[in-house]
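Thanks for coming, everyone. Let me put the model up and walk you through it.

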Amino acid sequence: MDRKIERRRWTTPAVAAIVGGGLLIAVIAWTLLAQAGVQSQQVDRQRLRIGTAEIQPFREFIVVNSAVEAERSYFLETAEGGRVEEIFVEEGSDVRAGQAILRMVNTDLQLDILRRDDLYLEQTNNLQNTQLAMAQLRRDFEQRLAELDYQILQKKRVYEQNQTLAEEGLISQLEFEQSHDEYLFFEDERKRLVANEEEDRTFRVAQVDQARRSVERARLNLATAREKLEKLTLIAPADGRLTALDAEIGESKAPGDRLGQLDVLDDLNLRAKIDQHYIARVDPGQEAFIEFAGETSKLLVEKVFPEVAEGQFEAELRFAEATPDGLKRGQTLQTRLALGDSEQALVIPRGGFQQSTGGQWVFLVEGDGRAAQRQAIRLGRQNDAYLEILEGLSPGDKVVISGYTTFGDAERLKIER
């Protein structure tokens, strides 16, 4: 007997198809609802700058303004006061060491030199007269001594002859004793003359020494006055450029007044002003770079001046090699100052997006390049070309790095090709 078999309305494949279709519809609906709640904006691909996150050598730089200054400068000051009579060199001119820059006159100093010159001549004459007198007295002494020696010789002969005659009884004892006394008298007279001469000579030598000292003092005083007169002519202390000159013909200058400045142009340095935020990260020996006349020049931090003024401190930079031609004192140059050594890091190129996001997020381009979604990031170090990425991106990610000001509050970009 045949049995009627009932047909099953819900088979397993049918159920699976229905469930799968329902899930797909739900996902599509959820996506559409989610996108409907996200503000999006269409943008032209040509208007965007897109950068790629890459791992590459990275070195942190900051850009600071630096002023060109001479490594050696001389402040030109007046050693003596006077009135400016002549100016030989104009401000801004190159000069050689020893070249005259200007000349002043000082009538009081000139009169003082005349007085000192007269005094020097007077003291010189006194010395010469003292020396002449000493020489004359010496000649007189020698002449008197010679006369005494002659008389002593004569008296000695008479005494010796009388001694012989007295022994033979040919003359009296009195006559013999008189000749002996005369001989002894002249001997004593010679001793007194020599003794007096020694005393007089000591006195005369002291006179001559004093006269010599007076002459030397007068000479030194005259030389000092003449040096002061010479200093009325301002001389360049070294080869360089007269970058400042504060003097006019007929103008009176007091001792110590500053007349100008001379810079040695062979050695130029840079004086950089740096934000106080970096004061603990700048030390002597760090590298810096400038672009000038189409070439890159390397510098080294020579000195750091820790005094902070108006939120900035200063550092002196010197050129590692030859100074570029054409630099002038007072020029201001943008300088890239390295704050560390080069090391591998995940970076993206710098761009205008930071002005809108503060570096807290970027538009991350999706794989097909047709859209970009907001992506939170965390920045690390930076230089003038790249930003270090600490969180939020992976190598190879592409992000919009151009400015976001035209995107408003959009959270998603639809990129039209």
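One definition to begin: helices (H or I, at least four residues) and strands (E, at least two) are DSSP runs, numbered from the N terminus. This is a predicted model, where local features need pLDDT of at least 70 and side-chain atom pairs count only at pLDDT 80 or more, while totals for chains, interfaces and linings use all residues. Residues are numbered from 1 along each chain as its sequence is written, and side-chain values use heavy atoms, with hydrogens and water left out.

Now to a loop. Glu310 is found between E15 and strand E16 (312-319). Its phi is near 55°, a positive value in a residue other than glycine. Is Glu310 buried or exposed? The cut-offs are these: buried means under 20% relative accessible area, exposed over 50%, and partly exposed in between (1.4 Å probe, protein chains only). Glu310 has 83% relative accessibility, so it counts as exposed.

Ala293 is our next stop. It lies in the loop between strand E14 (287-292) and strand E15 (295-309). Phi is positive here too, about 55°, and Ala293 is not a glycine. With 67% relative accessibility, Ala293 counts as exposed.

Step back to the whole chain. The protein chain has four helices and 24 strands. Its radius of gyration is 53 Å, well over the 22 Å that the globule rule gives for 417 residues, so the chain is more spread out than a compact globule. That radius is taken over C-alpha atoms, and the rule is 2.2 Å times the number of residues to the power 0.38. Along its principal axes, the C-alpha trace spans about 220 × 60 × 35 Å.

What share of the 417 residues is buried? The figure is 31%. The accessible surface comes to about 26600 Å², and carbon and sulfur atoms hold 48% of that. Those areas come from the Shrake-Rupley method with a 1.4 Å probe; for residues, only the protein chains shown count as cover.

Next, contacts, meaning heavy atoms within 4.5 Å. Take those with a separation of 6 or more: residues 24 or more positions apart account for 76% of them.

On to the inside. A nonpolar core is a set of buried Ala, Val, Leu, Ile, Met, Phe, Trp, Tyr and Cys residues joined through side-chain atoms within 4.5 Å. The largest one here has 24 residues. Ile348, Phe363, Leu393, Val400, Tyr404 and Leu413 have the most contacts inside it. Which strands each supply at least two residues of this core? They are strand E18 (343-349), E19, strand E22 (386-391), E23 and E24. E19 gives the largest share, five residues. Apart from this core lies another, of 22 residues, including Val68, Ala272, Val301 and Leu317.

Look at Val400. Leaving aside neighbours within four places in sequence, Val400 is in contact with Leu48, Arg49, Ile50, Phe353, Phe363, Val365, Ala372 and Leu413.

Rings of Phe, Tyr and Trp (its six-membered ring) pair if their centres lie within 6.5 Å; planes under 30 degrees apart count as stacked, over 60 as edge-to-face and the rest as tilted. How many aromatic pairs does the structure hold? Ten. One of them is Phe363 with Phe407, edge-to-face, at 5.7 Å centre to centre and 75° between the planes. This pair links distant parts of the chain, 44 residues apart. Phe363 is in strand E19 (residues 361-365), and Phe407 is in the loop between strand E23 (398-400) and strand E24 (412-416). Phe363 is buried, at 0% relative accessible area. Phe407 is buried as well, at 4%.

Two arginines sit over rings. The test is NZ of Lys or CZ of Arg within 6 Å of the ring centre and within 35 degrees of the ring normal. The charged end of Arg258 is over the ring of Phe75, 3.9 Å from its centre. Arg336 lies over the face of Phe61, at 4.2 Å from the ring centre.

Gln56 lies in strand E3 (residues 54-58). Gln56 is buried, with a relative accessible area of 17%. Beyond its neighbours within four places in sequence, Gln56 is in contact with Glu343, Gln344, Ala345, Val347 and Tyr386.

Ala244 is in strand E10 (residues 240-245). At 27% relative accessibility, Ala244 counts as partly exposed. Its C-alpha is separated by 5.6 Å from that of Glu91, 153 residues apart along the chain.
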